[in-house]
Amino acid sequence: MKTWSRLGLLVWPYRRKLILSASFGVIAALLWSFELLLTFPITIMFGEHHTLADYSHHEMVKTSNAIEFRNTRLAQLDEQLRLIPENGERRRASERVEVIEDQQRLRMEVDVYTSKLWTLSWVESKIIRNLPTDQFQMFALLFAFILLVTFAKGLAGYCQDVLAGSVAESVVIDLRQRLFRSALRLDPQTLSLEGTSVWLTDFTYSLQNLANAMTEMGGRVVREPLKAVACLAALLYFNWKLTLVFLLFMPVLGGLFHWLGLRLKRAANRTVDSMSRIYKRLEETFNNVKAVIAFDRAGRHRREFHRENKNFYQQAMKLVQIDAMSGPAAELLGMLAASAVLLPAAFLVLRSQTTIWGIPLAPSPPTFPDLALFYVLLAGVLEPVRKFSKFYNTIRQSTAIAERLFARMDTASLIAPPAVSQFMPVLSQSIEFRDVTFQYAKHVNDVTERAFVLNGFDLTINAGETVAVVGPNGSGKSTLVNLLPRFYDPDRGDVFFDGVNLKDAKLRDIREQIALVPQETLLFDDTIIENIRYGRPDASDDEVHDAARRAHVLAFTDAMSLGLLTPVGEHGKQLSGGQRQRIALARAILRNPHLLILDEPTSAVDAQSEQLIHASLRDFVKGRTTILITHCLTPTLLEFLNRIVVVDRGRVVATGCHPELLATCQVYQRLWDAQTQRAAA
Ligand code: ADP
Ligand code: MG
């Protein structure tokens, strides 16, 4: 239900269109039942009274006779009543009551017949008198009229569908935008835990399904039940008792829909899951296409993909089966209900009776045209009900999908913004990690133990310092610097900027001060210059050029015919790893941050360029705080580093300057030995 109210809120802005669409639906439904009613005169014309005038005349005579007969009977009863003494014995009194009841019934019948007579004479004088008397002409006229009604009905249906479709598409666009917005609000961990493929599936497959379902629903869901209701109203008017028998079957039909709907919802969810696994296979294969080719593993990927596809087929077939079953099942039940009504009705017609087992079912014995009309109207109810069973499936399916999308939109970020944010000045004193313990979150389905990546980490970095962080792979260096822009929050302990706990500061205040060059270079499919400008969108071309020069981007773009305007390709794949890293560095430099964080920014850059980049960093780090994770302490770097922090297994094992550490710290010695050996090789 909550899903529906949320969808309702999304639809609300388009309520005018929706109301208009529903109005067209009402028109279409009314025309539908009207069209069916038009079969009545046709059955008359092929009956014993050949012309409509004849039929209406006959009916009028029959009706007046019936009135006459009842009036005579009423007069007789009046007489009888007068003969029964008012305060007689008991037996007499009950006789009196009986007579009065009889009279009441007769008077009601007289009323009914009188109104029928009035209707008949109105139709006779206003309509039938103006119609052609020739049988065939009349028939042709009727058909022309039916065609006209069909056209009008089609037009109304078209308008309804187009309007409903436009509402559905608009709602889905809103939903897609909201989903994107909520995705962008999340922290990197939550996003990566779910996996890109799951998000992609929801953005494409789920949303598209929802759009289709809503278009269909908006068009038919209003019209089909309305058609049924219009025909039902006509049925009730003609014979409410028999119609009630028919209606008794409706709860059973409802139960059937409900049961199918539950199964459908489950199947719909599984289909989406299965589709997201297909996306995952695709994404993984395309992203690692070089590994796939180099290790000649295409066969394995093909098999895996085939398996997922087969799985999807099975899930989709479940949906198809339930969907295919619901139509015939509804039809069968409907036919059962119809026969429960048509059999007694046929009995009344064929035996010229008004009662069955003493139960009065009709005021006068129904005629064949009555029966035919009844049949047509019943079909008029059942056809939309059968169709509706399909739409009901669509509704269930789209509710399942909408539920999923809303749940995705409600995913909470692991990074909670503070209730009351504290003012965060520009970094001027220190950054302090105080007893920080951190462990990566895991997916709910993941049961493996997670180790502590940072364990009681303590470190203070003074503003204006340039600090190198070194340590073996997996010691937690990248994790450490990712705490600063609050990609993650520590499980225990805190991080302070000038004494302000990061958890109490506005996210934007923190991130504004920081430029981060992450370990994996992240480029957009755009030109080099735009990728650099991403660091500060309002930067002038000159500023971008300056940043590009400092990061030694110009060193390689000068040789390119398009220079800085060279496109980098998807994920920057058209450039070499070292070139990509230099662009990422230029982006950070352009941002002109107070806190510069570089996570192995030159790991893929050649040794000569690395020296040059370190040289230009020497100027750039002046007046700002810099944290540099590196495996390569070049002489230039050692010149301007204030301090080196050695990290191992999530803790600081030593801090100091190069000679000190070489003399005292074993971990550092090992790292340094490895580096010098590499340089010598
Ligand atoms: P490094 O010092 O090499 O930069 P990291 O901080 O990247 O080390 O990683 C430290 C440890 O955290 C590693 O053992 C790694 O297995 C684990 N780790 C890193 N990123 C994640 C992640 N997104 N989810 C789970 N574990 C991670
Ligand atoms: Mg790292």
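Helices are DSSP runs of H or I with at least four residues, numbered from the N terminus. In this predicted model, Ser398 belongs to helix 13, which covers residues 368-410.

**Site of ligand 1**

- The shell around ligand 1 is formed by Tyr440, Arg450, Val453, Pro472, Asn473, Gly474, Ser475, Gly476, Lys477, Ser478 and Thr479.
- By class, this shell comprises three nonpolar, six polar and two charged residues.
- Lys477 approaches the ligand through its backbone, where an N or O atom lies 2.8 Å from an oxygen atom of ligand 1.
- Ser478 takes part through its side chain, with an N or O atom 2.7 Å from an oxygen atom of ligand 1.
- The side chain of Thr479 likewise places an N or O atom 2.4 Å from an oxygen atom of ligand 1.
- Ligand 1 exposes 560 Å² when taken alone, and the protein buries 61% of that area.

**Magnesium ion (ligand 2)**

- The magnesium ion is coordinated by OG of Ser478 and OE1 of Gln519, at 2.0 to 2.2 Å.
- These two residues link distant parts of the chain, being 41 residues apart.
- Ser478 sits in helix 14 (residues 477-482), whereas Gln519 lies in the loop between strand 8 (514-517) and helix 16 (528-533).
- Gln519 counts as partly exposed because its relative accessibility is 36%, a value between the limits of 20% and 50%.

**Domain layout**

- The chain is divided into domain 1 (2-51 + 133-409), domain 2 (461-483 + 595-681) and domain 3 (518-592).
- Taken over C-alpha atoms, the centres of domain 1 and domain 3 are separated by 54 Å.

- Ser398, in helix 13, has a relative accessibility of 4% and so counts as buried.
- The side chain of Ser398 reaches the backbone oxygen of Ile395 at 3.0 Å.
- Met217 is located in helix 8, which spans residues 196-238.
- With a relative accessibility of 13%, Met217 also counts as buried, since the cut-off is under 20%.
- Met217 and Glu283 are 66 residues apart along the chain, and their C-alpha atoms are separated by 33 Å.

Definitions and conventions:
Residues numbered from 1 in each chain as written. Chains lettered and ligands numbered in written order. Predicted model: local features only at pLDDT ≥ 70, side-chain atom pairs only at ≥ 80, totals over all residues. Heavy atoms only, no water. Near = heavy atom within 4 Å. Polar contact = N/O pair within 3.5 Å; in protein donor to acceptor, adjacent residues only side chain to side chain. Areas by Shrake-Rupley, 256 points an atom, 1.4 Å probe, with all protein chains shown as cover. Nonpolar A, V, L, I, M, F, W, Y, C, P; charged D, E, K, R; others polar. Donors = N, O, S within 2.8 Å, 3.2 Å for Na, K, Ca; no water. Buried < 20%, exposed > 50% of the residue type's maximum accessible area, 1.4 Å probe, protein only. Domains from an automatic or database assignment.
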